Amino acid sequence: GESVGLHLPTLSVQEGDNSIINCAYSNSASDYFIWYKQESGKGPQFIIDIRSNMDKRQGQRVTVLLNKTVKHLSLQIAATQPGDSAVYFCAETYNAGNMLTFGGGTRLMVKP
Amino acid sequence: KAGVTQTPRYLIKTRGQQVTLSCSPISGHRSVSWYQQTPGQGLQFLFEYFSETQRNKGNFPGRFSGRQFSNSRSEMNVSTLELGDSALYLCASSMGQGNEKLFFGSGTQLSVL
């Protein structure tokens, strides 16, 4: 089946800096994308989503960018805080389904 | 509103046994999905239930099954457990309209010895 960014890199940033987490997806039919944050011992927590008819969406301190031409998704976190330390997953789905395909995740470490 | 509740939180079983995991969705949510999370394979979709019917199914063997009750609560069952079934099993609920955010529980950590 299609896969989304199967690897677990680590991103280390200084507190207060901006963070950018990237994700490559391979299913060109995907029309809905979500970013999740998972802290140790917890389930994934919804951060922000974007539909394929948009290329940018902003939330509180977070922005998601979607580039359908190169099948790339990114999550930008402004003024990164220690509480942002977690593993971040992108996920995609298509055809109005709830069957999410998850990427491998990126570990974000915030240095005080 | 209470979040998605999964029980039990931890479970230890031996090979060959069977196990049943439970999930209570957020009140008003009619869709329940199950995911398996392992260090090697990451998060993988098992199946989704909506209005007591399986709506989608992932690529898992028939040993993995589930069901949903009229109150939207769901259970998943794994029969003839194998060592490789050791994983965090996550349940997620949503309204059921599709292409919508899923809300996850904290999961059941299953260890198969």
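Predicted model: local features only at pLDDT ≥ 70, side-chain atom pairs only at ≥ 80, totals over all residues.
1. Are B:Tyr35 and B:Phe45 buried or exposed? Both B:Tyr35 and B:Phe45 are buried.

2. Across all chains, a search of the whole structure finds eleven aromatic pairs.

3. Ring pairs join residues of both chains into a cluster made of A:Tyr36, A:Phe46, A:Phe89, A:Phe102, B:Tyr35, B:Phe45 and B:Phe104.

4. Charged groups also sit over rings in chain B. The charged end of B:Arg9 is placed over the ring of B:Tyr10, 5.2 Å from its centre. B:Arg55 lies over the face of B:Phe50, at 4.4 Å from the ring centre.

5. Strand β3 (residues 32–38) of chain A deserves attention. Seven of its seven residues are buried.

6. The pairing of β3(A) can be traced to two strands. With strand β4 (residues 45–51) of chain A, β3(A) pairs in the antiparallel sense over six bridges, and A:Lys37 has A:Gln45 as its bridge partner in β4(A). The hairpin of β3(A) and β4(A) has six residues between the strands, and A:Gly41 takes a positive phi near 80° there. β3(A) and β8(A) also run antiparallel, joined by seven bridges; the bridge partner of A:Trp35 in β8(A) is A:Cys90.

7. What does the side chain of B:Asp85 meet? B:Asp85 is located in the loop between β8 (74–78) and β9 (87–94) of chain B. With a relative accessibility of 4%, B:Asp85 counts as buried, because the cut-off for that class is under 20%. A polar atom of its side chain lies 2.8 Å from the backbone nitrogen of B:Glu82. Neighbours within four places in sequence aside, B:Asp85 is in contact with B:Gln36, B:Arg63, B:Phe64, B:Val78, B:Thr80, B:Leu110 and B:Val112.

8. The largest nonpolar core has 21 residues, and those with the most contacts inside it are B:Trp34, B:Leu46, B:Phe64, B:Met76 and B:Tyr89. Two or more residues of this core come from each of β3 (19–24), β4, β5, β8, β9 and β11 (108–112) of chain B. Leaving aside neighbours within four places in sequence, B:Met76 is in contact with residues including B:Val19, B:Leu21, B:Trp34, B:Leu46, B:Phe64 and B:Tyr89. A second, separate core has 19 residues, among them A:Ile21, A:Tyr25, A:Val62 and A:Leu108.

9. A:Ser19 lies in strand β2 (residues 19–24) of chain A and, at 1% relative accessibility, counts as buried. Its side chain makes a polar contact of 2.7 Å with the side chain of A:Thr80. Not counting residues up to four places away in sequence, A:Ser19 touches A:Leu11, A:Val13, A:Leu75, A:Gln76, A:Ile77, A:Thr80 and A:Leu108.

10. Which residues is A:Tyr94 in contact with, leaving aside its neighbours within four places in sequence? A:Tyr94 sits in the loop between β8 and β9 of chain A and is partly exposed, with a relative accessible area of 38%. Its contacts are A:Asn27, A:Ala29, A:Ser30, A:Asp31 and, in the other chain, B:Asn99. A:Tyr94 and A:Ser28 are 66 residues apart in sequence, with their C-alpha atoms 9.3 Å apart in space.

Terms used. Residues numbered from 1 in each chain as written. Chains lettered and ligands numbered in written order. Heavy atoms only, no water. Phe/Tyr/Trp six-rings, centres within 6.5 Å; stacked < 30°, edge-to-face > 60°. Buried < 20%, exposed > 50% of the residue type's maximum accessible area, 1.4 Å probe, protein only. Lys NZ or Arg CZ within 6 Å of the ring centre and 35° of its normal. Helix = DSSP H or I, 4+ residues; strand = E, 2+ residues; numbered from the N terminus. Pairing = 2+ DSSP bridges. Polar contact = N/O pair within 3.5 Å; in protein donor to acceptor, adjacent residues only side chain to side chain. Contact = heavy atoms within 4.5 Å. Core = buried A, V, L, I, M, F, W, Y, C linked by side-chain atoms within 4.5 Å.
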